[in-house]
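Hi everyone, thanks for coming.

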Amino acid sequence: MSVATGTTVEKLEVSAHTIPTDEPESDATLEWDSTTIVVVRVHAGNAVGLGYTYTHDAAARLIEDKLAPAVRGLDLERDLSRAWHELGASLRNVGRPGMGFMALSAVDIALWDLKARLLEQPLVDVLGGVRDDAAIYGSGGFTSYSLERLADQLAGWVAQGIPRVKIKVGRSPDDDPARLDAARVAIGEDTELFVDANGAFDRDDAVAWAQRYADEWSASWFEEPVSSADLAGLRHVRESSPIDVAAGEYAYVPADFRNLLEADAVDCLQIDVTRCGGYTGFLHAAALAEQHGLQVSAHCAPQVSAHVCCAVPHFRHLEYFHDHVRVEQILFDGVLEPVSGALRPDRSRPGHGLELKA
């Protein structure tokens, strides 16, 4: 089955939506009280493809000025990977890493969704699905939370059948033991506990804390113990740590992922579909990880991540991030709900199945 000959993109629409958090939030290195999502809709024939990214609303103008003109008239019979490279090249003087590739991500996601809808097939199958569902972990545990709020959130995920959870650490390390105690009590002994320092520590402190996380709270995942820009530091912590070290959420262009992998900086590579260039970029990064014998973990944006996660053989889990879960439930119809600790793409719906609410 193929897209009808001559089917081209007729128009692209973009909008930005800023949604307040349900309470002030922070991690070790940042504070925020709202989340902005930039939504792209591409039209062809009687179908509309939807994509999005989480970034500043300035990305909406970037999409309108640079990417929309290049997408209009795009022949959807073509290989979308070729279009991806052409769109990336158009961002050369704007700056590809960072907001440039976040804008491209939203457009690429929308194009893949549009193509799947025109084919009347679920996106997971168009991407080459190898599994039926994507394991998730509950993510939030912000440093701004009270111990009661922290425990309630984590226990809520466990009650939903999610067997792994993550909390933020490192803003005030002296407070973390009490927070980790509360977390372990809330989730019990059988639930996996992950920690995320968002690059807060220096190398030696990160190694010392990694040992404590493992020994005292049986943590099994240490995300960004040092800055993800410190490749040698990540490698040092990974080689000295009793638990897995992860990074990659701030990797954008393929070279960013290659640098992490060639530095032996991580035990598991994170990929954010809304930052890495969409589905095309995600599959490229995942292929690089496979060449290095590593699994991948998808960072945030669970609703648009689930389908591509099911198309990657060496996939570990998907971050079910509190803020993005809220935003996606507010803005979209067709959201997937966790079942037995996983998201299962709905194969009865074409594309990724999401529709922007009126």
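Let's start with β1 and β2, where β2 covers residues 31-44: the two strands run antiparallel and are joined by twelve bridges. Before I go on, a word on the ground rules. This is a predicted model, where local features need pLDDT of at least 70 and side-chain atom pairs count only at pLDDT 80 or more, while totals for chains, interfaces and linings use all residues. Residues are numbered from 1 along each chain as its sequence is written, and side-chain values use heavy atoms, with hydrogens and water left out.

For the terms, helices (H or I, at least four residues) and strands (E, at least two) are DSSP runs, numbered from the N terminus. Two strands count as paired if DSSP finds at least two bridges between them.

Back to our strands: across from W32 in β2 you'll find E25. Now, what is the strand order in the open sheet? It is β1-β2-β3, three strands with antiparallel pairing. β1 (11-26) and β3 (47-54) are the edges; each has a single partner strand, so one side of each has no neighbour in the sheet. On average, neighbouring strands here are turned by 20° against each other, direction ignored. Helix α1, residues 58-71, packs on this sheet and touches β1 and β2, its direction making about 150° with that of β1. Contact here means heavy atoms within 4.5 Å; axes are lines fitted to C-alpha atoms, for helices over the stretch in contact, and angles run from 0 to 180 degrees between N-to-C directions.

On to the charges. A salt bridge is a side-chain nitrogen of Lys or Arg within 4 Å of a carboxyl oxygen of Asp or Glu, and by that rule there are 25. R149 sits in helix α5 (residues 147-159) and D22 in strand β1, 127 residues apart.

Buried or exposed, then? Buried means under 20% relative accessible area, exposed over 50%, and partly exposed in between (1.4 Å probe, protein chains only). R149, at 22%, is partly exposed, and D22, at 39%, is partly exposed too.

Another pair is R117 and E355, with their closest N and O atoms 2.7 Å apart. R117 lies in helix α3 (residues 99-119) and E355 in strand β14 (residues 355-356), so this pair ties together parts 238 residues apart in sequence. R117 is buried at 11%, whereas E355 is partly exposed at 35%.

Finally, K166, K168, D196, E223 and E319 are linked in a salt-bridge network.
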